[in-house]
Amino acid sequence: MSVYTVVEENQLITFLEDYDVGFLESFEGISAGIENTNYFVNTRHNGQLKQFVLTIFEHHSFEELPYFLNIMAFMAEHKIPTAHPMPTRADGYLKALCGKPASLVTRLTGGGVDHPSVVQCGVMGEQLARFHQAGLEYEQSRTNDRGIDWMQSTFNEINSHLTSEERDLITAELAYQNKIDWAHLPQGVIHADLFCDNALFDGDELTGIIDLYYACNAAFLYDLAVMVNDWCRINTESPADIHFDESKIATMLFAYQQQRPLTGAEQQAWPAALRLAALRFFLSRLKDKCMPREGEMTQIKDPDIFKQVLLIHQKMA
């Protein structure tokens, strides 16, 4: 969500003319996150203030984006708290801005969570299970473009920038993960990036799940592992001292299974899922560090956090 594409006021005014949202009042870039360009956009419609998030997609094409935007609309219409995309006057969710695909979605209430509570972890466990169950009725399908093949190609791309310790760690983990049969586990629509900064809360009430632009069809268990690795992790000043809050993990897993019990195969694969989720974000953060992209408000997140998470899970296996 860094700002890579700078939008001028006159460009945004023209863009908004194709939506029934009124007139532009103000806008500002959002610095959180790392993948797409995002702006908060405020309009005035029939005397009322309307708030939106504008996303300019830096990597996705016009052809692949309907999957994500349709999922957002589908989930919102199935009582999952997600932002509903705004239709253009032509009744689509996509429009070009600065030569790139862009969408306008409703801005949800609530704020991000820096230090989630045990209660909030339980809420997220329940809501992720509900998300997975609702998605079983979603007809479109998309392969995970951050799966094992991507991990291997990313490792090959950045290999020369890494330390020998990092190379050995990743090589061994890729070899381990290539032996796991993920296809036999329950599959469906997953969020694939449900970190703390992709959920909004008002107190202990979840008001929104955001940033579904890695959504895909894959193993539900992997999605749960991605969430546990972030929500239940206790960060310290030194990544080497990172650890997990067992009460948060237990609460999240219990709440999830109250909605969708894990199968025996999923329970057996749980340690591998935690490792796979750690490897995916270790590699993506390493790539951002080794090959940073230019932007006006960019963030490069510390890959050593997920290096340590991977090491923790390897020792537990």
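In this tour, Lys and Arg count as positive and Asp and Glu as negative, while His and the chain ends are not counted. The place of a charge is NZ of Lys, CZ of Arg, CG of Asp or CD of Glu.

This is a predicted model: local features need pLDDT of at least 70, side-chain atom pairs count only at pLDDT 80 or more, and totals for chains, interfaces and linings use all residues. Residues are numbered from 1 along each chain as its sequence is written, and side-chain values use heavy atoms, with hydrogens and water left out.

**Stop 1: the charges.** Select the charged side chains. The chain has 24 positive and 43 negative ones. The centres of the two sets lie 2 Å apart.

**Stop 2: the whole chain.** Switch to cartoon. The chain holds nine helices and eleven strands. These are DSSP runs, numbered from the N terminus: helices are H or I with at least four residues, strands are E with at least two. Along its principal axes, the C-alpha trace spans about 60 × 45 × 35 Å. Buried residues make up 53% of the 317 residues. Buried means under 20% relative accessible area, exposed over 50%, and partly exposed in between (1.4 Å probe, protein chains only).

**Stop 3: the largest core.** A nonpolar core is a set of buried Ala, Val, Leu, Ile, Met, Phe, Trp, Tyr and Cys residues joined through side-chain atoms within 4.5 Å. Select M124, I170, W231 and W270. Of the 89 residues in the largest nonpolar core, these four touch the most other members. Now show helix α8, residues 264-290; its 13 residues are the largest share of this core. Apart from this core lies another, of 15 residues, among them V7, L12, Y39 and L54.

**Stop 4: I170.** Beyond neighbours within four places in sequence, which residues are in contact with I170? They are F155, L162, L279, F282, L283 and L286. Contact means heavy atoms within 4.5 Å.

**Stop 5: A219.** Go to strand β9, residues 216-219, where A219 sits. A219 counts as buried, at 6% relative accessibility. Leaving aside neighbours within four places in sequence, A219 is in contact with W182, L185, P186, Q187 and I190. A219 and A273 are 54 residues apart in sequence and 9.3 Å apart in space, C-alpha to C-alpha.

**Stop 6: two loops.** Select A192, in the loop between β6 (187-190) and β7 (199-202). Its phi is positive, near 75 degrees, in a residue other than glycine. A192 counts as buried at 4% relative accessibility. Finish at D211, in the loop between β8 (205-209) and β9. D211 is not a glycine, yet has a positive phi of about 55 degrees. D211 is buried, with a relative accessible area of 19%.
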